[in-house]
Amino acid sequence: MPPDAPPLVIGTRGSPLATRQAGLVRDALAGRFGDELPTEIRVVRTQGDVDRRSLSQIGGQGVFTAELERALLDGRVDLAVHSLKDLPTTMDPRLRLAAVPEREDVRDVLVSRGGAGLDDLPAGASVATGSARRRAQLAAVRPDLAFVDLRGNVDTRLAKVAAGEVDAVVLAAAGLRRLGREAEISCHLDPLTVLPAPGQGALGLQMRADDGRVGLVAALSHPPTLAAVTAERAFLAGLGGGCGTPIGAWGRPEDGGLRVDGAVLSPDGRDSTRDSVRGPLEAAEPLGADLAGRVKAGGGQAILSACAA
(Lines give C-alpha, C1' and ligand atoms only; values in the text may rest on other atoms or scores of the structure.)
Protein backbone atom coordinates (compact mmCIF):
# COMPACT_ATOMS: atom_id res chain seq x y z
CA MET A 1 0.00 0.00 0.00
CA PRO A 2 1.23 3.58 -0.66
CA PRO A 3 2.64 5.28 2.47
CA ASP A 4 -0.13 7.92 2.39
CA ALA A 5 -2.96 5.40 1.88
CA PRO A 6 -6.13 6.17 3.86
CA PRO A 7 -6.82 3.82 6.77
CA LEU A 8 -9.08 0.82 6.41
CA VAL A 9 -12.06 1.86 8.53
CA ILE A 10 -13.38 -1.09 10.55
CA GLY A 11 -17.06 -0.78 11.45
CA THR A 12 -18.55 -2.42 14.52
CA ARG A 13 -21.47 -2.26 16.89
CA GLY A 14 -20.73 -0.48 20.14
CA SER A 15 -21.17 -3.27 22.68
CA PRO A 16 -18.09 -4.39 24.65
CA LEU A 17 -18.11 -7.73 22.87
CA ALA A 18 -18.50 -6.20 19.39
CA THR A 19 -15.70 -3.69 19.94
CA ARG A 20 -13.50 -6.45 21.34
CA GLN A 21 -14.10 -8.51 18.20
CA ALA A 22 -13.27 -5.52 16.01
CA GLY A 23 -10.09 -5.06 18.01
CA LEU A 24 -9.12 -8.67 17.41
CA VAL A 25 -9.52 -8.14 13.66
CA ARG A 26 -7.52 -4.90 13.80
CA ASP A 27 -4.75 -6.68 15.71
CA ALA A 28 -4.74 -9.58 13.26
CA LEU A 29 -4.37 -7.19 10.33
CA ALA A 30 -1.61 -5.31 12.13
CA GLY A 31 0.19 -8.55 12.89
CA ARG A 32 0.10 -9.57 9.24
CA PHE A 33 0.61 -6.24 7.45
CA GLY A 34 1.94 -3.80 10.05
CA ASP A 35 2.05 -0.18 8.89
CA GLU A 36 1.39 -1.25 5.30
CA LEU A 37 -2.33 -1.42 6.09
CA PRO A 38 -3.33 1.31 8.57
CA THR A 39 -6.70 0.80 10.28
CA GLU A 40 -9.13 2.60 12.53
CA ILE A 41 -12.29 1.46 14.31
CA ARG A 42 -15.62 3.27 13.95
CA VAL A 43 -18.74 2.42 15.98
CA VAL A 44 -22.05 2.18 14.11
CA ARG A 45 -25.34 1.96 16.00
CA THR A 46 -27.75 -0.70 14.72
CA GLN A 47 -31.46 -1.27 15.16
CA GLY A 48 -30.76 -4.14 17.52
CA ASP A 49 -28.78 -1.79 19.78
CA VAL A 50 -31.57 0.77 20.22
CA ASP A 51 -34.73 -1.37 20.05
CA ARG A 52 -35.03 -3.51 23.17
CA ARG A 53 -37.96 -5.63 22.03
CA SER A 54 -37.45 -9.33 21.36
CA LEU A 55 -35.73 -10.34 18.13
CA SER A 56 -38.93 -11.90 16.77
CA GLN A 57 -40.76 -8.57 17.26
CA ILE A 58 -38.19 -6.36 15.54
CA GLY A 59 -37.43 -8.58 12.58
CA GLY A 60 -35.00 -11.24 13.71
CA GLN A 61 -31.86 -11.81 11.69
CA GLY A 62 -30.36 -8.65 10.22
CA VAL A 63 -31.25 -6.21 13.01
CA PHE A 64 -27.60 -6.18 14.13
CA THR A 65 -26.10 -6.05 10.64
CA ALA A 66 -28.25 -3.93 8.29
CA GLU A 67 -26.89 -0.56 9.47
CA LEU A 68 -23.31 -1.83 9.20
CA GLU A 69 -24.04 -2.91 5.64
CA ARG A 70 -25.45 0.54 4.87
CA ALA A 71 -22.29 2.08 6.33
CA LEU A 72 -20.24 -0.09 3.97
CA LEU A 73 -22.28 0.88 0.94
CA ASP A 74 -22.14 4.61 1.63
CA GLY A 75 -18.42 4.53 2.42
CA ARG A 76 -18.54 5.36 6.14
CA VAL A 77 -16.67 2.11 6.84
CA ASP A 78 -14.59 -0.23 4.69
CA LEU A 79 -14.82 -3.48 6.65
CA ALA A 80 -17.71 -4.57 8.88
CA VAL A 81 -17.03 -7.08 11.64
CA HIS A 82 -20.10 -9.20 12.29
CA SER A 83 -20.86 -12.07 14.58
CA LEU A 84 -21.50 -14.40 11.65
CA LYS A 85 -24.60 -15.92 13.22
CA ASP A 86 -26.25 -12.47 12.91
CA LEU A 87 -25.47 -12.02 9.21
CA PRO A 88 -28.30 -13.01 6.82
CA THR A 89 -27.46 -15.67 4.26
CA THR A 90 -28.29 -13.33 1.36
CA MET A 91 -26.56 -9.99 0.93
CA ASP A 92 -26.43 -7.04 -1.42
CA PRO A 93 -24.42 -8.06 -4.54
CA ARG A 94 -22.21 -5.00 -4.01
CA LEU A 95 -20.93 -6.62 -0.80
CA ARG A 96 -19.01 -9.79 -0.15
CA LEU A 97 -17.86 -11.90 2.76
CA ALA A 98 -14.14 -11.21 2.53
CA ALA A 99 -12.94 -13.52 5.31
CA VAL A 100 -13.97 -15.82 8.13
CA PRO A 101 -11.16 -16.10 10.70
CA GLU A 102 -10.64 -19.20 12.83
CA ARG A 103 -13.68 -19.97 14.91
CA GLU A 104 -13.87 -19.69 18.69
CA ASP A 105 -15.63 -22.28 20.87
CA VAL A 106 -18.91 -23.12 19.13
CA ARG A 107 -20.81 -24.23 22.24
CA ASP A 108 -23.53 -22.59 24.29
CA VAL A 109 -22.93 -22.36 28.03
CA LEU A 110 -24.93 -22.01 31.20
CA VAL A 111 -24.08 -19.42 33.85
CA SER A 112 -26.08 -20.18 36.97
CA ARG A 113 -26.38 -19.27 40.60
CA GLY A 114 -24.15 -21.58 42.60
CA GLY A 115 -22.56 -22.97 39.44
CA ALA A 116 -25.28 -25.57 38.83
CA GLY A 117 -25.16 -27.49 35.56
CA LEU A 118 -28.18 -28.19 33.38
CA ASP A 119 -29.00 -31.46 35.12
CA ASP A 120 -28.58 -29.89 38.55
CA LEU A 121 -30.99 -26.98 38.14
CA PRO A 122 -34.03 -27.44 40.39
CA ALA A 123 -37.44 -28.18 38.86
CA GLY A 124 -39.05 -24.98 37.64
CA ALA A 125 -35.77 -23.05 37.63
CA SER A 126 -35.87 -19.80 35.65
CA VAL A 127 -33.53 -19.72 32.66
CA ALA A 128 -33.06 -16.50 30.69
CA THR A 129 -32.47 -16.46 26.95
CA GLY A 130 -33.68 -14.42 24.01
CA SER A 131 -32.98 -17.26 21.58
CA ALA A 132 -35.81 -19.44 20.26
CA ARG A 133 -33.20 -22.04 19.30
CA ARG A 134 -31.77 -22.31 22.81
CA ARG A 135 -35.17 -22.29 24.45
CA ALA A 136 -36.57 -25.06 22.24
CA GLN A 137 -33.58 -27.36 22.60
CA LEU A 138 -33.34 -26.88 26.36
CA ALA A 139 -37.10 -27.44 26.70
CA ALA A 140 -36.72 -30.73 24.85
CA VAL A 141 -34.30 -31.88 27.55
CA ARG A 142 -35.78 -30.08 30.58
CA PRO A 143 -39.46 -29.29 29.90
CA ASP A 144 -39.88 -28.29 33.54
CA LEU A 145 -37.72 -25.18 33.21
CA ALA A 146 -39.31 -21.72 33.19
CA PHE A 147 -37.86 -19.62 30.38
CA VAL A 148 -37.53 -15.85 30.64
CA ASP A 149 -37.01 -13.67 27.57
CA LEU A 150 -33.83 -11.63 27.88
CA ARG A 151 -31.77 -9.39 25.63
CA GLY A 152 -28.83 -7.10 26.28
CA ASN A 153 -25.07 -7.28 26.36
CA VAL A 154 -23.09 -9.86 28.32
CA ASP A 155 -22.84 -7.69 31.44
CA THR A 156 -26.61 -7.15 31.48
CA ARG A 157 -27.32 -10.85 31.20
CA LEU A 158 -24.82 -11.93 33.83
CA ALA A 159 -26.13 -9.25 36.21
CA LYS A 160 -29.57 -10.90 36.15
CA VAL A 161 -28.05 -14.05 37.62
CA ALA A 162 -25.90 -12.20 40.14
CA ALA A 163 -28.94 -10.24 41.35
CA GLY A 164 -30.98 -13.41 41.78
CA GLU A 165 -33.57 -12.33 39.21
CA VAL A 166 -33.10 -15.61 37.31
CA ASP A 167 -31.51 -18.93 38.20
CA ALA A 168 -29.43 -19.17 35.04
CA VAL A 169 -28.69 -17.55 31.71
CA VAL A 170 -27.60 -19.15 28.43
CA LEU A 171 -24.77 -17.49 26.50
CA ALA A 172 -22.28 -18.33 23.77
CA ALA A 173 -18.94 -19.62 25.02
CA ALA A 174 -17.19 -17.61 22.32
CA GLY A 175 -18.37 -14.27 23.68
CA LEU A 176 -17.33 -15.02 27.23
CA ARG A 177 -13.94 -16.28 26.07
CA ARG A 178 -13.31 -13.20 23.94
CA LEU A 179 -14.16 -11.00 26.92
CA GLY A 180 -11.93 -13.00 29.24
CA ARG A 181 -14.88 -14.12 31.36
CA GLU A 182 -14.82 -17.87 30.80
CA ALA A 183 -14.26 -18.42 34.54
CA GLU A 184 -17.93 -17.49 35.07
CA ILE A 185 -19.16 -20.45 32.98
CA SER A 186 -21.03 -23.01 35.07
CA CYS A 187 -21.19 -25.67 32.36
CA HIS A 188 -20.73 -26.13 28.63
CA LEU A 189 -23.77 -27.55 26.86
CA ASP A 190 -23.19 -30.56 24.60
CA PRO A 191 -23.28 -29.16 21.03
CA LEU A 192 -25.15 -32.25 19.84
CA THR A 193 -27.81 -31.75 22.52
CA VAL A 194 -28.05 -27.99 22.01
CA LEU A 195 -26.94 -27.43 18.43
CA PRO A 196 -25.36 -23.99 17.94
CA ALA A 197 -26.74 -21.29 15.70
CA PRO A 198 -25.37 -21.44 12.14
CA GLY A 199 -22.14 -19.46 12.21
CA GLN A 200 -21.93 -19.31 16.01
CA GLY A 201 -18.47 -18.55 17.35
CA ALA A 202 -17.25 -17.24 13.98
CA LEU A 203 -16.69 -13.70 12.77
CA GLY A 204 -17.73 -12.54 9.32
CA LEU A 205 -15.59 -9.82 7.75
CA GLN A 206 -17.70 -8.06 5.12
CA MET A 207 -16.45 -5.54 2.56
CA ARG A 208 -17.48 -3.82 -0.64
CA ALA A 209 -16.87 -6.21 -3.50
CA ASP A 210 -14.94 -3.58 -5.48
CA ASP A 211 -12.57 -2.61 -2.66
CA GLY A 212 -9.01 -3.34 -3.77
CA ARG A 213 -8.08 -4.42 -0.25
CA VAL A 214 -10.44 -7.43 -0.21
CA GLY A 215 -7.55 -9.72 -1.13
CA LEU A 216 -5.52 -8.50 1.83
CA VAL A 217 -8.33 -9.09 4.32
CA ALA A 218 -9.01 -12.51 2.77
CA ALA A 219 -5.66 -13.61 4.19
CA LEU A 220 -7.33 -13.75 7.62
CA SER A 221 -9.67 -16.57 6.53
CA HIS A 222 -9.32 -20.00 8.13
CA PRO A 223 -10.27 -22.60 5.48
CA PRO A 224 -11.68 -25.29 7.84
CA THR A 225 -13.83 -22.68 9.59
CA LEU A 226 -14.95 -21.24 6.27
CA ALA A 227 -16.02 -24.68 5.05
CA ALA A 228 -17.93 -25.41 8.26
CA VAL A 229 -19.87 -22.14 8.34
CA THR A 230 -20.51 -22.25 4.59
CA ALA A 231 -22.30 -25.57 5.12
CA GLU A 232 -24.22 -24.26 8.12
CA ARG A 233 -25.36 -21.14 6.30
CA ALA A 234 -26.37 -23.21 3.25
CA PHE A 235 -28.45 -25.36 5.60
CA LEU A 236 -30.12 -22.25 7.05
CA ALA A 237 -30.74 -20.81 3.60
CA GLY A 238 -32.23 -24.10 2.42
CA LEU A 239 -34.69 -24.08 5.29
CA GLY A 240 -35.56 -20.43 4.78
CA GLY A 241 -35.50 -19.82 8.54
CA GLY A 242 -34.24 -16.97 10.67
CA CYS A 243 -34.01 -15.94 14.31
CA GLY A 244 -37.72 -16.63 14.89
CA THR A 245 -37.48 -20.33 14.01
CA PRO A 246 -35.57 -22.74 16.25
CA ILE A 247 -32.81 -23.94 13.91
CA GLY A 248 -29.42 -25.30 14.90
CA ALA A 249 -26.44 -26.48 12.86
CA TRP A 250 -22.90 -27.58 13.54
CA GLY A 251 -20.31 -28.21 10.86
CA ARG A 252 -16.78 -29.36 11.67
CA PRO A 253 -13.87 -31.18 10.06
CA GLU A 254 -13.97 -34.91 10.80
CA ASP A 255 -11.91 -37.80 9.43
CA GLY A 256 -10.46 -35.68 6.65
CA GLY A 257 -13.85 -34.40 5.52
CA LEU A 258 -16.74 -32.33 6.81
CA ARG A 259 -19.60 -33.44 9.05
CA VAL A 260 -22.69 -31.26 9.42
CA ASP A 261 -25.52 -31.82 11.89
CA GLY A 262 -28.71 -29.81 11.64
CA ALA A 263 -32.10 -29.60 13.30
CA VAL A 264 -35.34 -27.66 13.22
CA LEU A 265 -37.64 -27.64 16.24
CA SER A 266 -41.04 -26.40 17.26
CA PRO A 267 -40.82 -23.43 19.66
CA ASP A 268 -41.77 -25.60 22.63
CA GLY A 269 -39.20 -28.25 21.73
CA ARG A 270 -41.78 -31.04 21.60
CA ASP A 271 -41.36 -31.67 17.88
CA SER A 272 -38.03 -31.80 16.10
CA THR A 273 -36.32 -33.19 13.04
CA ARG A 274 -32.57 -33.58 12.77
CA ASP A 275 -30.11 -35.27 10.48
CA SER A 276 -26.41 -35.41 9.66
CA VAL A 277 -24.38 -35.49 6.45
CA ARG A 278 -20.71 -36.06 5.66
CA GLY A 279 -18.63 -35.20 2.63
CA PRO A 280 -15.49 -33.43 1.39
CA LEU A 281 -14.61 -29.98 2.73
CA GLU A 282 -14.76 -28.51 -0.77
CA ALA A 283 -18.42 -29.57 -1.06
CA ALA A 284 -19.50 -27.52 1.97
CA GLU A 285 -22.30 -25.59 0.30
CA PRO A 286 -24.00 -28.55 -1.42
CA LEU A 287 -23.64 -30.56 1.78
CA GLY A 288 -25.54 -27.91 3.72
CA ALA A 289 -28.20 -27.70 1.03
CA ASP A 290 -28.55 -31.49 1.00
CA LEU A 291 -28.95 -31.53 4.78
CA ALA A 292 -31.70 -28.91 4.55
CA GLY A 293 -33.56 -31.06 2.04
CA ARG A 294 -33.24 -34.14 4.23
CA VAL A 295 -34.45 -32.31 7.33
CA LYS A 296 -37.41 -30.77 5.49
CA ALA A 297 -38.39 -34.13 4.01
CA GLY A 298 -38.08 -35.82 7.40
CA GLY A 299 -40.72 -33.62 9.03
CA GLY A 300 -38.96 -30.28 9.22
CA GLN A 301 -41.15 -28.67 6.56
CA ALA A 302 -44.25 -29.21 8.71
CA ILE A 303 -42.50 -27.58 11.68
CA LEU A 304 -41.33 -24.64 9.55
CA SER A 305 -44.83 -24.15 8.15
CA ALA A 306 -46.36 -24.21 11.62
CA CYS A 307 -43.79 -21.63 12.86
CA ALA A 308 -44.60 -19.35 9.92
CA ALA A 309 -48.36 -19.58 10.40
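Helices (H or I, at least four residues) and strands (E, at least two) are taken here as DSSP runs, numbered from the N terminus. The model is predicted, so local features need pLDDT of at least 70 and side-chain atom pairs count only at pLDDT 80 or more, while totals for chains, interfaces and linings use all residues. Residues are numbered from 1 along each chain as its sequence is written, and side-chain values use heavy atoms, without hydrogens and water.

The mean pLDDT (the predictor's confidence in each residue, from 0 to 100) of the chain is 93, with 92% of its residues at 70 or more. Over residues 49-55 the pLDDT falls below 50, yet this stretch has 17 contacts (heavy atoms within 4.5 Å) in the model beyond near neighbours in sequence.

Turning to the side chains, the charged end of Arg252 sits over the ring of Trp250, 3.7 Å from its centre (the criterion being NZ of Lys or CZ of Arg within 6 Å of the ring centre and within 35 degrees of the ring normal).

Both β4 (95-99) and α9 (223-239) supply at least two residues each to the lining of the second largest pocket (an open set of points on a 1 Å grid over the protein atoms alone, where a 1.4 Å probe fits, with protein on both sides within 12 Å along at least five of seven lines; lining residues have an atom within 4 Å of a point). The largest share, 6 residues, comes from α9.
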